[in-house]
Amino acid sequence: MAEIGRRNLPTAWREQLEQPITPEEVQIAVRKAGKKKAPGSDGLGLEFYKANWATIKDDMGELMNQMFIERKVSPQQKHGVIVCLPKICEPTTLADFRPITLLNTDCKMMARIIVNRLRPIMAELLQQSQFCGVPGRTIFEAVATVREAIAQAEIRRVPLYILSPDFQEAFDRISHQYLFSILKSSGFSDWFIDRIRGMYEGAASSVQINGHIAGPIPIQCSVRQGCHMSMILLALCVDPLLRILEQKLHGIHIGKWANKTVVVAYADDVTIFVTSPMDLPVIHDAI
């Protein structure tokens, strides 16, 4: 962590993150949530909240602030149901399935509110090479940057090797201790980090297979796929790697006056531009 330094968020940003949740934030979290999402273990899908919003909106505002300000998130609210979705048409091994955690809608609403507060400041926290979680950046721009780098190397006849490390089960392997250390070094206050910790500590999941549920299993690592915070938290966890690579590799210049481009990332999908055999041990050490 010493290599990437420690940052301090502006006081105004820190205060904004710690404000009580407003009715407007709760309403936006409900209105902009995806349709036809499977409910969590409580069986209450988003459609229930939308259909009864006029009746429950005040109670939901109070509940969100209990979860956020008072850090009252019960084990039942944090309980998830893991379902295994096939990656291919005819799966035959465990590796052919993708585990997704179905979370309770109230917890997903809380996560969406936190993400909506974080998103405007992510451009200040993440490297420009990270295209995930930053407003105005898309995966299409990441792909276009890779293509431009290849085209530039071909035109200028510059040696270029495209390296795409595969972080196996990246979401599932994130250490919570590492996550909270990253949040601390990114400049978030202890108070705000404690609210993120409250969403993870004591969490458990049960596995559903063929209609049967087994568990629960305590969740001691990972950022859960199915939680709206997962992509942003994962991007923050990958950021130190991107910073070290950009500091130590030469990269390739795209355009006549452009700065060097060393790496392109979308969450844990990282593409590194290698221009010398000497870059490989540097990449190995960084990882």
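Leaving aside neighbours within four places in sequence, F188 is in contact (heavy atoms within 4.5 Å) with L9, R14, L17, L118, I121, L125, L183, I193 and L236. This is a predicted model, in which local features need pLDDT of at least 70, side-chain atom pairs count only at pLDDT 80 or more, and totals for chains, interfaces and linings use all residues. Residues are numbered from 1 along each chain as its sequence is written, and side-chain values use heavy atoms, with hydrogens and water left out.

F188 and M229 have the most contacts inside the largest nonpolar core, which has 67 residues. Such a core is a set of buried Ala, Val, Leu, Ile, Met, Phe, Trp, Tyr and Cys residues joined through side-chain atoms within 4.5 Å; buried means under 20% relative accessible area, with a 1.4 Å probe and protein chains only.

## Helix α10

Helix α10 spans residues 176–185, and its buried residues are H176, L179, F180, I182, L183 and S185. Helices here are DSSP runs of H or I, at least four residues, and strands are runs of E, at least two, numbered from the N terminus. The buried residues of α10 pack against α11 (190–200) and α12 (230–248).

Now for the ends of this helix. After α10 comes G187, whose phi is positive, near 105 degrees.

## T261 in strand β7

T261 belongs to strand β7 (residues 260–261). T261 counts as buried because its relative accessibility is 16%. Not counting residues up to four places away in sequence, T261 touches T145, G251, I252, I254 and F273.

Methods
Buried < 20%, exposed > 50% of the residue type's maximum accessible area, 1.4 Å probe, protein only.
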